[in-house]
Amino acid sequence: MKIYLVGGAVRDALLGLPIKDRDHLVVGASITQMQQQGFRQVGKSFPVFLHPDSGEEYALARTERKTGYGYGGFDFDAAPTVTLEQDLIRRDLTINAMARDSEGQLHDPHGGMADLNARILRHVSPAFVEDPLRVLRVARFAARFHHLGFTVAAQTLRLMQQLSDSGELAHLSAERVWQETERALAEPNPEIYFELLHQCGALAVLFPELAALQGVAQPEAYHGGLDALAHTLLALQLAATEQAPPSVRFAVLLHDLGKALTPKSEWPRHIGHESAGLKPVKALCERLRVPNEWRDLALQVCAQHLNVHRALTLKPSTLLKLFDRCDVWRKPERFSHTLDASRLDAIGRPDQQQAAYPAQAYLQGALAAANRVCVKAIVADGFKGPAIREELSQRRLLALAQFKARESNS
Ligand SMILES: Nc1ccn([C@@H]2O[C@H](COP(=O)(O)OP(=O)(O)OP(=O)(O)O)[C@@H](O)[C@H]2O)c(=O)n1
């Protein structure tokens with residue numbers, strides 16, 4: 001038996017990047033031989049083992065044949081006669097289809113090194129189209145490696161288009177789509193993931209709510225001529241540049257979905273798009289089984305981003321209403337994320353990227369003032385039962401009025 005290091009570990013080492021997982025390929029061994037050597041089998045659909053000491057993954061070399069729809073519809077042959085070349089040719093991208101043997105020799109039958117040097121994401125073979133998940137994987141790798149200069153080969157993009165047109169994407173499970181999307185959101189250029197999905201037609205299939213933002217006009221004065229999709233993706237890019245948490249990036253991505261529902265006759269204005277957006281945000285999150293915490297932040301940003309923008313003009317009672325609706329008392333971190341996402345919306349336009357956003361500090365100050373109201377003091381003053389809550393609101397309101405007066409005088 002011969003063992004090779006394969007996939008991401010080989011690619012990342014060649015790119016000078018830190019290595020996360022080390023995947024190994026075993027050629028010329030049977031399942032029984034692996035078990036006899038103490039490897040523990042974990043793969044359900046094909047033979048993958050864990051090393052008894054290191055816990056690293058060892059997969060038997062295999063060929064694949066498509067037998068049905070989607071990601072799972074495959075037949076595998078993992079016989080000891082399957083060669084290294086046969087295994088590498090079934091892989092997605094040439095830069096992922098290199099192997100290194102135990103003597104340190106690189107095995108690169110598909111030009112992975114040349115593509116790595118030329119910064120090209122290229123499919124290995126026409127069998128690329130047998131796995132629709134690869135549309136998302138390529139877009140995710142493009143989002144990860146964009147800053148290193150990588151682009152997708154024209155022919156690979158055509159295969160991604162072909163897969164999107166074929167209807168195969170509909171067979172991907174929600175978990176798979178979300179898993180790739182969540183990872184893409186954490187990459188340095190998540191906007192590239194969505195741009196590529198849009199270019200190949202996958203956005204309209206998997207994220208129709210987002211694709212519908214394309215061509216939706218917005219007021220020139222606020223958005224510098226960008227349509228709603230371009231504005232959203234610019235704001236997403238800025239979110240990644242300032243290393244906002246992925247949940248904030250996701251909320252930024254969905255904040256304007258309501259704009260796709262404005263009747264064209266009202267363009268470029270989008271009155272009420274915050275409340276109109278709640279339905280598509282919910283639909284998208286439900287369909288992809290987005291974690292509740294992420295969904296709730298996205299809903300809050302969608303509903304409140306305009307209120308946050310105009311914070312300085314809000315009456316103390318409206319400020320209190322905003323805080324109550326956002327449940328800032330119990331969820332301060334979520335509100336702080338809502339402020340970040342709203343600021344990213346405000347600066348996500350060509351000429352505003354360095355602009356100040358006073359609403360954020362103002363709302364943080366207002367919240368700190370309201371938070372100084374102490375429940376213990378209310379109880380000590382003799383309030384009981386529901387009267388405590390009532391008095392709490394009154395005192396918070398007073399604190400906000402005083403805060404607002406101080407701010408207008410300064
Ligand atoms: N749909 C897929 C999934 C995986 N692979 C192959 O399996 C390897 C390991 O997959 P995975 O661990 O998902 O990706 P990595 O390349 O290791 O990248 P990451 O850093 O994202 O883990 C990939 O390099 C690729 O050769 C593939 O061809 N097609």
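How do helices H8 and H12 run relative to each other, roughly parallel or roughly antiparallel? What we have here is a predicted model, in which local features need pLDDT of at least 70 and side-chain atom pairs count only at pLDDT 80 or more, while totals for chains, interfaces and linings use all residues. Residues are numbered from 1 along each chain as its sequence is written, and side-chain values use heavy atoms, with hydrogens and water left out.

Let me begin with the whole protein. Its secondary structure comes to 21 helices and 11 strands, where helices (H or I, at least four residues) and strands (E, at least two) are DSSP runs numbered from the N terminus. Taken along the principal axes, the C-alpha atoms fill a box of roughly 80 × 55 × 35 Å. Of the 410 residues, 48% are buried, and buried here means under 20% relative accessible area, with exposed being over 50% and partly exposed in between (1.4 Å probe, protein chains only). If we take the contacts with a separation of 6 or more, 65% of them are between residues 24 or more positions apart, a contact being heavy atoms within 4.5 Å.

Now to the opening pair. Two packed helices are described by the angle between their axes and the distance between the axes. The axes are lines fitted to C-alpha atoms, for helices over the stretch in contact, and the angles run from 0 to 180 degrees between N-to-C directions. Helix H8, residues 190-200, and helix H12, residues 228-241, have axes that come within 7 Å and cross at roughly 150°. H8 and H12 are therefore roughly antiparallel to each other, given that angles under 35 degrees count as roughly parallel, over 145 as roughly antiparallel, 65 to 115 as roughly perpendicular and the rest as oblique. On the H8 side the contact is made by Pro190, Glu191, Phe194, Glu195 and His198, and on the H12 side by Leu229, Leu233, Leu236, Gln237 and Ala240.

Leu203 counts as buried, at 1% relative accessibility. Leaving aside residues up to four places away in sequence, Leu203 touches Phe194, Leu197, His198, Pro208, Leu210 and Ala211. Its C-alpha atom is separated by 8.9 Å from that of Ser164, 39 residues apart along the chain.

The residues in contact are Ser247, Val248 and Val252 of H13, together with His337, Asp340, Ala341 and Leu344 of H18.

Finally, two loop residues. Asp256 is found in the loop between H13 and helix H14, 273-276, and at 1% relative accessibility it counts as buried. The side chains of Asp256 and His273 are joined by a polar contact of 3.1 Å, a term for a pair of N or O atoms within 3.5 Å, where within protein one must be able to donate a hydrogen and the other to accept it, and residues adjacent in sequence count only if both atoms are side-chain atoms. Lys331, in the loop between helix H17, 316-325, and H18, is partly exposed, with a relative accessible area of 41%.
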